[in-house]
Amino acid sequence: MAPTLCAVCKTERANIKRPKNHARVCKGCFITLFEEEVHHTIISSKLFYPGERVAIGASGGKDSTVLASVLKTLNERYNYGVELVLLSIDEGIKGYRDDSLETVKRNAVQYDMPLKIVGYDELYGWTMDQVVETIGKKGNCTYCGVFRRQALDRGAKMLDIKHVVTGHNADDVAETILMNLLRGDMGRLARSTNIVTGDDSSDVKRSKPLKYAYEKEIVMYAHHKKLDYFSTECIYSPEAFRGSARALIKQLERIRPSAILDILRSGEDMARLVPGESASSCGCKGNKSKTPTTAAAEDDGGIGGCGSTGAAGGNEMAAMEKQLRENEAAEGQGLEVDVSKLSLTGKPAETETDGSVPLKPKANSKPVTRQTLGNCKRCGYMSSQEICQACTLLEGLNKNRAQIQI
Amino acid sequence: MASTSPPITASEATPNTTTKSCAKCRSNPGTFDSRGQLVCRTCFQKFISAKCIKQIGLLNKDVRSSSSSALSAYHSTQKNAGPPQASSRRYLLGLSLGPSSAALLELLNENVEFQLGKGRNAPFELVVVHVSSEGGGENQRERERVEGTVQRMRERYPRFEFKVVYLEEVVGLETIDWAGLGLLDFSSSPAGDDNDNETTSKAQKLRHLFDTLPSTTSRTDLLRLFTRHLLISEARKNSCHALLLGSSTTALAELTLSETAKGRGFSLPWQINDGILGVPSFSPHSPSTINNKTEDNGILVYHPLRDALRKELVQFTKLTDPPIFDMLPEVDPTATAAVVSHKDLSIEEVMVRYFADVEENYPSIVANVARTTGKLLRLFGGVDAEGNKDKAEEGSESESEEEERLCGLCNMPLDEFGDERWKGELGEDSYRDGLVEGEGKGEKMKQRICYGCERSVRG
């Protein structure tokens with residue numbers, strides 16, 4: 001049997017089946033297609049302007065390494081005129097971060113980009129290993145995620161850079177969409193689909209140029225380009241909503257490869273349907289009304305900060321279940337007379353004391369939460385609350401430390 | 001939805017625990033676990049009943065209110081169907097013969113009996129329709145089995161009308177844009193006489209269509225859509241004010257996630273919420289100009305069991321006297337067994353399995369999924385229900401007439417703005433680059449069916 005030829009160039013042997021659409025292509029064409037698709041995303045969303053200084057949030061993992069490599073290639077090929085810098089966060093996780101940082105250091109040489117490393121210890125006085133020592137493995141990802149978001153911003157500020165790009169891929173975004181559906185968090189769902197979070201009015205904007213790139217293709221790209229990346233997952237991984245959503249995505253992808261993109265499409269469309277959210281996530285269609293996306297870099301819609309997972313603590317689902325039940329019970333408490341109970345027994349309904357037949361007002365009453373931005377009173381960082389999440393968490397940690405010392 | 005989690009014996013409290021009294025009536029022993037509380041049999045039944053009756057109450061009000069004046073106008077224009085009396089509401093129940101729709105049938109019957117017992121009029125008339133995907137065409141044995149089950153239902157609920165419709169009857173329905181799907185031979189023949197030969201060929205056509213679909217997910221998807229088309233068509237034929245579906249909270253959560261995964265996020269609020277839905281006509285023979293205005297030509301679709309979990313409904317069908325559960329066709333036990341090939345699962349099946357798990361441990365999370373999705377706005381092609389333009393969609397050339405264009409397959413509003421933007425974000429057909437060669441006919445289809453339906457039909 002003659003070997004299948006590449007569907008694009010029709011000359012080389014097709015030795016790659018694209019995970020995204022099962023198209024059979026050759027290695028060279030795959031690499032070009034992948035790069036061109038990222039280029040299309042960058043252009044259609046007007047991510048960069050000439051002369052812009054852009055920090056790549058670099059963890060040493062596959063996503064950010066591919067992002068750095070592709071951006072360097074495209075910047076040269078299409079003359080974006082962008083100045084690229086690698087920005088790494090040292091969470092202080094021994095056996096994970098110290099090794100991956102070595103990778104980033106090599107990348108900096110390979111791609112000829114300046115590198116800035118910011119440590120949790122210098123920013124917050126705590127390494128993640130110390131945090132885990134204090135609070136245990138449960139829920140530590142909350143700390144890490146919150147700290148990292150700010151850390152990237154602070155790092156960017158130190159470099160006087162206003163745009164940080166991250167390696168979030170299509171799987172991450174799809175996962176976040178499903179996760180927010182499961183959590184019933186429509187506000188976050190809307191924000192998580194945006195390719196750019198934060199805007200000119202906030203200090204640092206964030207974007208995800210690999211938003212439409214499949215994780216499997218990123219791995220393939222890294223493999224075929226022989227990129228130097230670090231492939232161990234974070235040692236502190238949680239389960240909960242994100243893990244649950246992740247498992248679903250993998251299953252769906254097996255059944256129908258397009259499912260990941262289809263979820264993105266659904267998520268973007270649903271974002272327009274959230275009452276009170278601003279309409280469009282892309283800049284390609286004359287967005288005259290530049291309504292600032294209230295969700296700034298402080299909250300990118302719950303997109304996991306770290307390459308592997310990054311949801312809040314272990315028993316998140318159980319906690320939410322409990323919360324929801326309490327809400328139901330509260331709402332049911334003597335709010336309405338239950339006329340319907342007449343039907344079964346024919347006796348008038350006894351007065352409910354425990355409120356266990358929750359007769360809620362019609363579902364649509366609770367508004368979707370919106371955010372308004374201000375600055376944290378303690379650290380001056382942008383926050384929708386008086387005290388930002390990082391400072392609140394730190395306060396808890398420091399109390400703990402004080403007690404231990406006593 | 002036929003497939004369910006394994007039989008719910010688990011929620012029956014183990015007898016050896018010290019018998020606690022029911023958390024609600026505090027007199028009978030609590031033997032059922034209902035959302036974390038031990039309740040007695042009567043209170044459990046009341047709990048489920050209350051959830052259903054509340055929704056039926058909302059529907060009854062909806063039918064009486066202004067939104068139904070247009071409906072009545074529609075019904076009065078139908079031949080042989082006088083305008084419905086204000087007092088006689090007429091509903092159609094889609095009976096899949098799964099536990100949820102069977103529970104709804106039982107609950108509706110209870111409601112009618114109760115009202116009659118009070119010396120009042122029956123609150124509504126009910127037509128019960130089972131759409132059978134089996135026993136198509138020549139398969140007489142299957143047909144007899146299905147008819148037999150429905151006959152037993154008919155005997156149990158003599159007050160209601162029962163009807164079996166076979167899936168092949170979807171061929172020729174004018175609510176589907178057959179021409180747009182490239183299935184011209186599926187359009188209704190102008191003559192419209194249904195002799196036996198034609199029925200066979202309808203079944204063959206349908207089988208052929210299903211054989212050519214790209215995946216199990218596509219087949220499951222079209223089966224669901226066709227069933228829905230037939231139910232809506234029957235509802236209109238029978239001059240019903242509303243179509244009632246037995247979807248449980250769990251089913252709605254599954255629908256939310258599976259439709260999201262199939263790219264139909266835009267129409268989710270139309271699918272999940274109760275209310276009026278447009279019913280278009282794509283008939284080439286229809287002389288009238290296309291009028292897709294929902295108010296003139298729509299149907300109310302309601303999910304009265306939206307607040308009950310599937311496991312609760314399964315339990316409920318086992319508690320009725322005699323249990324309806326025993327009358328239902330057995331669910332294929334392999335459906336819950338270990339999967340041989342994951343590739344042959346449909347997206348729907350994946351979601352059913354997933355939520356069977358979540359329902360067991362986190363029922364409120366399941367309930368919350370459908371509830372929050374229901375808060376999303378219902379838009380028409382980038383324009384919301386009040387006719388306000390989507391902020392970002394200024395200066396599009398769509399005429400106002402086109403604002404209510406509906407998908408030729410799922411009949412949900414088309415999202416022209418979203419389609420436009422998606423093309424911009426991904427590049428024209430980049431998904432198919434290098435996959436499909438020289439396929440020209442796809443271009444036109446895109447205008448007429450939604451993103452999710454296109455995926456289902458074309459892969």
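This is a predicted model: local features need pLDDT of at least 70, side-chain atom pairs count only at pLDDT 80 or more; totals for chains, interfaces and linings use all residues.
Is Asp221(B) buried or exposed? Hold that thought for a moment, everyone, and thanks for coming.

Asp221(B) is buried, with a relative accessible area of 0%. Even so, Asp221(B) has a charged partner: a salt bridge links it to Arg224(B), and the closest N and O atoms are 3.9 Å apart. The cut-off for calling such a pair a salt bridge is 4 Å, so this one falls within it. Where does this pair sit? Both residues belong to helix H6 of chain B, which covers residues 216-237, and because they are 3 residues apart there, about one helical turn separates them.

Let's stay in chain B for a second pair. Lys262(B) and Glu348(B) form a salt bridge as well, with 2.4 Å between the closest N and O atoms. Lys262(B) is in the loop between helix H7 (249-261) and helix H8 (268-272), while Glu348(B) is in helix H10 (residues 347-361), so this pair ties together parts of chain B that are 86 residues apart in sequence. How accessible are the two partners? Lys262(B) is buried, at a relative accessible area of 1%, and Glu348(B) is buried too, at 8%.

Now for a pair that involves both chains. The side chains of Glu268(A) and Arg421(B) meet in a salt bridge, at 3.1 Å from N to O. Glu268(A) comes from helix H11 of chain A (residues 259-273) and Arg421(B) from helix H12 of chain B (residues 416-426), so the pair joins two chains. Both of these residues are buried.

Which other residues are linked with Glu268(A) and Arg421(B) in a network of salt bridges? From chain A we have Lys211(A), Arg265(A), Asp269(A) and Arg272(A), and from chain B there are Asp415(B) and Asp419(B).

Let me finish by stepping back to chain A as a whole. Its secondary structure consists of 14 helices and 10 strands. Of the 406 residues in chain A, 59% are buried. Looking at contacts between residues at least 6 apart in sequence, 73% join residues at least 24 apart.

Note on methods. Residues are numbered from 1 along each chain as its sequence is written. Chains are lettered from A and ligands numbered from 1 in the order in which they are written. Side-chain values use heavy atoms; hydrogens and water are left out. Helices (H or I, at least four residues) and strands (E, at least two) are DSSP runs, numbered from the N terminus. Buried means under 20% relative accessible area, exposed over 50%, partly exposed in between (1.4 Å probe, protein chains only). Contact means heavy atoms within 4.5 Å.
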